[in-house]
Amino acid sequence: MSQNVVLITGAGGWLGGLLARALLSDAQTPDVRLILVDIVEPQRPKGANAITIKADLTDPAQVDALFKTEFGVPDTVYCLHGIMSRGSEDNFDLGVKVNVDSVRSVLDTARHAGEQSGSIIKFIFTSSLAVYGGPLPEVVTPETIATPQGAYGMAKLVDEIFINEYTRRGFIDGRILRLPTIVVRPGPPSAATSAFVSGIIREPLQGLETTCPIGNSLDSPELDQLALWVASPTTTIKNFVIAKHVPADKFLPHTRVVCLPGFTTTVREEIQALERVAGKQAVEHIRFEDDPTNRRIVASWPARFDNSYALSLGFKVDEGGMVPIVTQFREAFGTA
C-alpha cells in the first residue's frame, strides 16, 4: 500500500473539490497523491499530484480499477458519492443502486486491496442526520437509535452497519461522519431535500428568485417551527481532514459513527441573517410554496445534538450562528 495516497469518490462534487484542495495543505499528509473520481471527470486542483477519473461506481470492474492506478493502493478512501435525499426518495431503485450497492462495492474493494497489500485502509464515509426519524429526544446523543424515515437515510444507515462490521472484523479502519446540513452551498440547487436551506441565502444574494418549500408566506409559523442542524462548509472540510488523523483507539469501541458538530437554527433565523447581511431587498427574492413532502422529510431530522463526543475527538464547531456564515459566503462569492 502506498503512503499518502488518497482516493476520493464523488470528487467532482463541491465538497469533494474542497476536500482535495484541503488535503494539499494538510501538514499531516505531506506529498499527498490524489485519485479523484466521479461520474463526470473531476477537475485537478492547481498544483496537485492527482489522477482524475470518470467512472461509474455501480460497475465493480471500474471500482476495482481505482485501486490499481499508477499511484498504487490508496491508504485512505473518502467515500463521498451518492444520490441526494430528494433524488433517492423519488427514484428508490436508483438510490439503492448508488447509495448502497456502489458503496458496498467500494468497501469490498478496499477490504481486499488492503488484505493483498498487508495493510488496513482508512475508509471515511459521509453519512447524514437523515438516518434519524420518528420520536426523538430533545437532544441527540451517541446513544440515540437511528430510525430513518426516508430512502436516503435508510441507505446511509445500511452503509454504516457494513462499515462498522468491516471495522470490527479488521477489514478496514472505518470512520463514519454524520453530517449536519451544510450551508451555504454554492452552485445550482441539488436534488437534496435540504437544498432550500442554502438556496434561500445563495440566490437572493445573487439577485435571483428562489423558492422556500416551508410555509406559504414570510408570516408562516412553519418558519419558526422548523429547526435545522447546520454547519458551514469551512468547518465541515476541516472536520473531514481531522477525521483522517483521529487515532483508532479514540473512537467508542462499538461504533465508528461520529455526529459532526453543528448548531441549531430555524428557517426564520436564516432569513433574518440574510436580511441583516444584505438588506430587506434580498429577502424579497424569496417565494414561499409549501411542499408537504419536503417539509415532512426535513422535519423528521433532528435539530439538536450533543457535540461533546465529537469535540473530544478534536472536531471543530462553528461559532456565532448564521450571520458569520452568510457574511463569509457573500465575501467569497459576491452579490448581484
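I began with residue classes, and by class the lining of the largest cavity has five nonpolar, six polar and one charged residues (Ala, Val, Leu, Ile, Met, Phe, Trp, Tyr, Cys and Pro count as nonpolar, Asp, Glu, Lys and Arg as charged, and the others, Gly among them, as polar). I noted that this is a predicted model, where local features need pLDDT of at least 70 and side-chain atom pairs count only at pLDDT 80 or more, while totals for chains, interfaces and linings use all residues. Residues are numbered from 1 along each chain as its sequence is written, and side-chain values use heavy atoms, with hydrogens and water left out.

I then looked up the cavities, each a set of points on a 1 Å grid over the protein atoms alone where a 1.4 Å probe fits but cannot get out, with lining residues having an atom within 4 Å of a point. The structure holds two of 30 Å³ or more, a volume being the space filled by probe spheres set on the points, which are joined across faces, edges and corners.

For the largest cavity I recorded about 60 Å³ of space and a lining that includes Ser85, Glu89, Tyr152, Thr193 and Trp301. Helix 3 (85-90) and helix 5 (151-168) each supply at least two lining residues, and the largest share, three residues, comes from helix 5 (helices are DSSP runs of H or I, at least four residues, and strands of E, at least two, numbered from the N terminus).

For the second largest cavity I recorded a volume of about 30 Å³ and a lining of Leu129, Thr181, Ala227, Leu228, Trp229, Val298, Trp301 and Pro302. Strand 9 (residues 227-231) gives the most to this lining, with three residues, and by class the lining has seven nonpolar, one polar and no charged residues.

Note on methods. 1 Å grid on protein atoms, 1.4 Å probe; cavity = no way out; pocket = protein on both sides within 12 Å on 5 of 7 lines; lining within 4 Å.
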